[in-house]
Amino acid sequence: MAFADTLIAWYEDHKRDLPWRGESDPYKIWVSEIILQQTRVQQGWDYYLRFIDNFPNVKALAEAEEERVLKVWQGLGYYSRARNMHAAAREIMTKHNGTFPDTYDKILSLKGIGAYTAAAISSIAFHLPYPAVDGNVIRIISRIFGVCEDVSQPAVVKRITDICNEQIDRDRPGVFNQAAMDFGAMHCTPKNPQCEECPFQSECYAQNNQLVDILPIKKKKAESKHRYFHYSVYLSGNKTIIEKRTANDIWKNMYQFPLTETDSDVFPDTPVFSTREILSHQIIHAHFYVNNVKRLPKPSENQTVICFDDIENYPMPKTMTLFLGYLATR
Ligand code: SF4
């Protein structure tokens with residue numbers, strides 16, 4: 001049996017029941033794919049339903065305020081995903097008369113959409129034969145076809161994409177891509193893949209050469225950068241100051257208490273609360289210092305005086321919500 005037939009036969013018996021399965025609306029496929037880029041299915045499931053509930057179509061997303069989009073996204077992390085989707089929805093309204101583009105190149109040109117997402121939308125919504133190559137697919141192709149080079153090299157990913165282009169089912173490209181995603185996520189997993197009950201067992205290069213634990217080969221990631229955030233929480237009656245992060249940095253356009261960033265944990269005051277957030281290339285050490293004052297300091301640019309009770313209305317990163325949770329229990 002051809003690779004695609006074996007893969008799809010496995011999928012028909014094992015596919016995951018997900019809220020976006022069977023969906024042909026490119027907008028909803030797009031939302032699900034963007035959410036799943038950095039999020040586990042279990043967590044993504046609720047966010048997907050909430051996102052679609054708030055913004056059921058491109059027009060609703062384009063017309064929403066960015067702060068509302070970030071608020072609905074709050075807790076999912078990687079907030080540039082939400083900002084880019086919002087910008088792309090506006091682009092679809094202005095450049096494509098509100099209709100989701102139906103060619104791979106046009107989809108790829110939208111903000112925040114890379115080759116993987118463009119292929120997923122093109123194949124599932126429009127039946128175009130583009131393979132969606134993500135970490136799962138890189139792993140199964142490396143193992144089954146014996147790609148023994150470093151998969152962090154673009155040339156190696158290109159080789160894997162070429163193999164997928166040869167193997168994709170041209171009549172059912174969307175099913176092929178979803179089958180590959182599920183096979184990688186559920187069966188040929190990074191650790192403890194189910195080789196004993198695998199439909200590819202006899203032909204799998206990794207299995208036949210005792211390389212299952214070795215493939216795919218990835219060079220070590222660069223070390224994460226440590227950053228030290230010191231937040232000044234000014235309280236005067238029920239008023240406080242928050243500021244908007246406007247720089248091209250993590251958490252852009254989200255809100256926080258006035259921040260001082262330093263090169264180390266050393267700071268003149270003692271924090272009332274500390275936490276750590278691990279991002280893809282950064283580790284944030286966050287410390288909060290509460291200052292009860294008669295008069296709030298004069299807010300600088302990007303800062304606003306608000307009623308403390310209104311703070312929940314602002315989109316905030318996780319470190320902030322953790323601190324607010326701590327305050328609520330004091
Ligand atoms: S035999 Fe093992 S390594 Fe090969 S495809 Fe199957 S599960 Fe993956």
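What you see is a predicted model. On that division, the shell around the ligand has 10 nonpolar residues, 4 polar ones and 1 charged one.

Let us stay with the ligand. Of the 15 residues around it, those that come nearest are Cys 188, Pro 193, Cys 195, Cys 198 and Cys 204. Two elements, helix H9 (135-145) and helix H12 (205-208), each give two or more residues to this shell. The largest share comes from H9, with 3 residues.

I turn now to the overall arrangement. The domain assignment divides the chain into domain 1 (3-208) and domain 2 (225-329), and the C-alpha centres of the two domains lie 35 Å apart. Where they touch, 10 residues of domain 1 are in contact with 7 residues of domain 2. On the domain 1 side, helix H5 (66-73) and helix H6 (80-95) are the elements that give two or more residues. H5 gives the most, with 4 residues. By class, that side of domain 1 holds 2 nonpolar, 4 polar and 4 charged residues.

The largest nonpolar core has 78 residues, and Leu 7, Val 31, Ile 121, Val 137, Ile 141 and Ala 180 have the most contacts inside it. Helix H2 (residues 26-36) gives the most to this core, namely 7 residues. Why does the core lie between domain 1 and domain 2? Both domains give residues to the core, so it lies between them.

Strand E1 (residues 225-236) runs parallel to strand E6 (residues 282-292), and 11 bridges join them. Within this pairing, Phe 229 has Ala 286 of E6 as its bridge partner. E1 is also joined to strand E4 (residues 259-262), in the antiparallel sense, by 4 bridges. There, Tyr 231 is partnered by Leu 259 of E4. A further antiparallel pairing, over 2 bridges, links E1 with strand E2 (residues 239-244), and in it Ser 236 has Lys 239 as its bridge partner. E1 and E2 form a hairpin with 2 residues between them, and Gly 237 in the turn has a positive phi of about 60°.

Finally, some backbone details. Most residues other than glycine have a negative phi, and most peptide bonds are trans. Which peptide bond is cis here? The bond from Leu 215 to Pro 216 is cis, with omega near 0°, and Pro 216 is found in the loop between H12 and E1. That loop also holds Gln 210, a residue other than glycine with a positive phi, near 50°. Is Gln 210 buried or exposed? Gln 210 is exposed, because 8 other C-beta atoms lie within 10 Å, and the cut-off for exposed is 12 or fewer. Asn 302 likewise has a positive phi, near 75°, and its place is in the loop between E6 and strand E7 (303-307). With 13 other C-beta atoms within 10 Å, Asn 302 is partly exposed.

Thank you for your attention.

Conventions: Residues are numbered from 1 along each chain as its sequence is written. This is a predicted model: local features need pLDDT of at least 70, side-chain atom pairs count only at pLDDT 80 or more; totals for chains, interfaces and linings use all residues. A residue is near a molecule or strand if its C-beta atom, placed from the backbone, lies within 6 Å of it. Ala, Val, Leu, Ile, Met, Phe, Trp, Tyr, Cys and Pro count as nonpolar, Asp, Glu, Lys and Arg as charged, and the others, Gly among them, as polar. Domain bounds come from an automatic or database domain assignment. Two residues are in contact if their C-beta atoms, placed from the backbone, lie within 7 Å. A nonpolar core is a set of buried Ala, Val, Leu, Ile, Met, Phe, Trp, Tyr and Cys residues joined through C-beta atoms within 7 Å. A residue is buried if 20 or more other C-beta atoms lie within 10 Å of its own, exposed if 12 or fewer, and partly exposed in between; C-beta atoms are placed from the backbone. Two strands pair if DSSP finds at least two bridges between them.
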